[in-house]
Each structure stands twice: as C-alpha cells, then as structure tokens.
Amino acid sequence: MAGGISTALGAKSVRSGQKVNGATQESPWVRRLIIGTGLFYFALFLLLPLGSVFVEAFRKGLDVYLAALMDPDALSAIKLTLIVAVISVPLNLVFGVAAAWAITKFNFPGKRILITMIDLPFSVSPVIAGLIFVLVFGAQGWFGSWFLDNDVKIIFAIPGILLATIFVTFPFVARELIPLMEAQGKEEEEAAIVLGARGWQVFRFVTLPNILWGVIYGVVLCNARAMGEFGAVSVVSGHIRGETNSMPLHVEILYNEYNFAAAFAVASLLAILALLTLLIKTFVEWKAAKVNSELKEG
Amino acid sequence: MSKPLFKRSVIPGFGVTLGFTLAYLGLIVLIPLSAVIWKTSDLTLLQFWQTISEPRVVASLKLSFGASLIAATVNAFFGLILAWALVRYSFPGKKIVDTLVDLPFALPTAVAGIALTAIYAKNGWLGQYLEPLGIKIAFTPIGIMIALIFIGLPFVVRTVQPVLEDLDKEIEEAAASLGANRAQTVFKVVLPIILPALLTGFALAFARAVGEYGSVIFIAGNLPMVSEIAPLMIITKLEQYDYSGATSIAVVMLFLSFILLLIVNSLQAWTAKRTGREV
C-alpha cells in the first residue's frame, strides 16, 4: 500500500558461502561495476546530505553551535516537539495494539477495507493532512465559529499541531503489528483462555512478550515521524515563535533568516534522532531474527 | 464463503478493541478527510475548473507529477542496482549501507531540504563546481528531482531486496545448465521474477514524491511557473484565505493518489502471486 513497504519483522535468509561460478555469478568486473554504481548512488544522494548537516552545523565552531541550541526560541521549539511526541505516540500506540488485536484475533466482514483505511494517512500528502484540519477547525470551518465564540484555539495553536501529527503518524504501530500478529496466529491466546487466564492476563503474559519487539519498532518509527513532521504541522501551526514552532519549523525560520549555522545546529539534533532511530531499528531486527532462528532450531 | 459472518471466539476483547479502532479511525482520519469532500460540494463546477485551469496551478501539477515520475525512474534503476549489490555481494561497510538506506524514512524532511540546498546551491559543496559548467541545480526543477530522489530512495531497495533474497538459486542454476549465459539468465529469468516488486517500489516512490513538501521547498526556490510544486500551491492558496482554491487542488491530488493506491495494491497482489510470498 502506498506510503509504506512491508517492514514486518522476519528472519532474513542466511546466504551461505558462495563459490564463484561463471554460470550463476557475474564476472568480477561486472560485480565491481554494480557495487561501485550502487555505492556511488548511495553516497551521492544519502551520505553526502547527512554529512553536510553536521559539517554545516559546526562550521562556525562549537560555541555558535551551543548558543544556537541554548537560544530561548530553540529551547521552546525542542519543548514543543517533545510535548507533541509524548502525547501523539502513546495514543497511536494504544490504537495500534487495539486495531491489531481486533483485526488478527477475530474474523469479521470488511477487514480488508479497515486495513486499507488505516493506511490512508500514508497516501495523503502532508500538506493535505494539514489542510483538512484547517477546513474542520479553521475560522471558516465546520466548528470554527463555535470555537471562536468560546475562545478555544485549535488551528495556529498546539491542539492543531497535535491533531496533524497524530494524523500523519496514525498507521505506524498498527501496520507493524498487524502482519506480525497475523503470522503468530491465535492458538497461544486460546490455550491461555482454556487454562483459565483472564482477558488482560492473556494480553499481558501471552501476547505482549511475543509482539514486544514489533511494538518497539513501531513506536520508534512513529516517534521519528512525530518529531520530524514538517508539512502538515507547517499548515496548522501559524509559525508563532516561542509558542507554536516545533523543531523542524524552527529550522525553517532560522534558514529563511540566513542564520545557517543555527539552522543546521537544530537540524543536527533531528539528524541524531534519525540515526538513533535507525540504530534501534537495526537492533530490533537483529533481535527478532535471533528469536526466529532460535525458534526454528528449538 | 461458508463461514458464518461472526464466528464465536473464546478470545475476549473484540467489542472493545474494534469499537475503539473504529471510533479513533473515524475521529482522526475519516471525519477530517471528509471535510475535503464537504468543502468541494460547496464549490460549483465552474469555480473548481477555474482554480484547476489557472496556468500557475496547471504548471505546478505538471511539475509535481513530472518530477516525481523522473525521480521514481531514477530510483527504480539505481535502487535495483543497490539492492542487487546488498543481496548478492559482500563488500566492506555493507551492514552500515544496509542500515542507512532507511535514512530518508527517519530524517525529518526539512533537514533533508536544507542539507540538499547547502550542497547544490550556487556556492554549495557541489554547486560551486557545477555552476561554472553551466549546470544549475538549486532553484530549478532539477533540484526538485534531486530532493524527490532522496526521499524515494528506500522504497525500491526495500521492496526488491526481500524478493531477491528469497529467490531460489536453483532457478538460475537451471537456466545456466540449459545453456543460458549469465546475461540471459539475469535479464530473462531473474528480472521478470522481481519485476512486480520493482514496479511496486517505483509506484510507492512516485506516490510519496507527489505529495512531498518539506524536502522540496528549500531547494526549489519556488518560482511561479518554474519551480512551484502542487503542495506549495495549496499552501499559497491557504495563505490568501482561498479555501476553495486550496481544496480544489487537494481534491485533484487526492484523486490521483487514490488511483496510485489502487495500482500499488494490484501490483502487490501480482508480486504475491508471482513469488508466492505474502507482501
């Protein structure tokens, strides 16, 4: 489905030692050409931008770098980004677990449509994700006049940023857990019930240990997007400095003011977050592969 | 189907979890999305057409879809090569490359945007060498393509990689023992098997690129008629309080994304059928 590829945790097949064989292997120079081309593409489009973030951030020295991060506007942007992640990620986590439970443990009509609906936010442009909340809550929107009369601010305020973030990160946990729990079936849960476990105990002691790594994986990806979302948040935020500026929006403002060193300093924090995300993701994949191969051997 | 619609299950929690799922889905996704349709029904067909046929809007839609198509094609070609190298060969740093391929999924788009601009601007890392050669990248459609290549990079690699990994070596050995040379085996045996996965990756990269905003606007320069993308036109309309105009462009984009979604779904069904693996 659009926007996401299957990232289900699975054991990667282990390639055993390969002997060079002219009929089933490429000649050495073809191999070098393929590796070289692949790595050139990787370095030019991926490594270079990543490296440039850190080089540009420290171009004017450590003092300028730290000053940019200690700036009150930067600190309030960091705080807003953390608040948004702390609220939106747990909500989508609870949703993801509930949706995966309903979809994988029971049969009901319309299941495939429901899964497609859950994936919808991935195929909507972030800008449109922001637009829909402006249409609902904006001054001319559905509830706009009511909110205006009662002095409740949604758009150009934190609630709007939260809603837009929850929308764009909506599918992450669910789409990680659905294939995983589908593959694990429901025999273990049924056995636990027969042995007298109560509903919550079944989840806590039978299901959760089985899906823990998948949950972590989904949460980490969800968190990265929640902290880094730019387009959707940009539409609903109103760009009020020190109030409705998240870290990515703060990067934009600094950049547009030609304050490049500060822009890249804040950007480098987000890049570190991305690298940490990939590190945890790799660790989780490695862990899941290990569990899988142990299961096969045992 | 002979199964009853609702099979009794001993596992508890069906009502609670499905109820919560539907309520949350409705509140966060479906009701807000339906606002677009509600807003569109406010418009007359003439108003809709006037917005959509504005030269600036037409240019932005053409640019968004054209640049996305080229970027997805570049990613399909190089992504296949990188996936091949990662699955079939070993080379130093392979694990690191494999991990970092997902970077565009994890790196905030605004960060990618300013980084690419720093590289390709007139006085940038590469820009300073390209500019004297007469090659302008930043603030042109080429810059937009480069940003779209960046954000679409993981899709093809990650859809082709697992299919290539699961590919039975015996198929290639059979082709070889029947007298095919290596090139024939690769192009007539292996490539047709991974073709559906390759097309899926292409379509996913394309769909993502069409809606992309953050990584593009910095490097695009946003010159009307030259380097304005469709999502930016939505924001421009919103800033002019032209909600109908913004919604009209959004409807066109949503419609085209919906068609893409259908194509991706049928491609994935094709992949599953051809390779016998669940996608």
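This is a predicted model: local features need pLDDT of at least 70, side-chain atom pairs count only at pLDDT 80 or more; totals for chains, interfaces and linings use all residues.
Residues are numbered from 1 along each chain as its sequence is written, and chains are lettered from A in the order in which they are written. Local features need pLDDT of at least 70, side-chain atom pairs count only at pLDDT 80 or more, and totals for chains use all residues, while side-chain values use heavy atoms, with hydrogens and water left out.

Chain A contains 13 helices and 0 strands, where helices (H or I, at least four residues) and strands (E, at least two) are DSSP runs numbered from the N terminus. Along the principal axes, the C-alpha atoms of chain A fill a box of roughly 60 × 60 × 30 Å. Of the 298 residues in chain A, 52% are buried; buried means under 20% relative accessible area, exposed over 50%, and partly exposed in between (1.4 Å probe, protein chains only). Among contacts (heavy atoms within 4.5 Å) between residues of chain A at least 6 apart in sequence, 74% join residues at least 24 apart.

Chain A carries 22 positive and 21 negative side chains, with Lys and Arg counted as positive, Asp and Glu as negative, and His and the chain ends not counted. The centres of the two sets lie 9 Å apart, each charge being placed at NZ of Lys, CZ of Arg, CG of Asp or CD of Glu.

Rings of Phe, Tyr and Trp (its six-membered ring) pair if their centres lie within 6.5 Å; planes under 30 degrees apart count as stacked, over 60 as edge-to-face and the rest as tilted. By this rule there are 24 aromatic pairs over all chains. Trp101(A) and Phe203(A) form an edge-to-face pair, because their ring centres are 6.0 Å apart and their planes stand at 75 degrees. Trp101(A) lies in helix H3 (residues 72-105) of chain A and Phe203(A) in helix H10 (residues 199-228) of chain A, so this pair ties together parts that are 102 residues apart in sequence. Both Trp101(A) and Phe203(A) are buried.

The pair of Tyr255(A) and Phe260(A) is tilted, because the ring centres are 4.8 Å apart and the planes are at 50 degrees. Tyr255(A) is buried, with a relative accessible area of 13%, whereas Phe260(A) is partly exposed at 34%.

A charge sits over a ring if NZ of Lys or CZ of Arg is within 6 Å of the ring centre and within 35 degrees of the ring normal. The charged end of Lys105(A) sits over the ring of Trp101(A), 5.9 Å from its centre. In chain B, the charged end of Arg88(B) sits over the ring of Trp84(B), at 4.9 Å from its centre.
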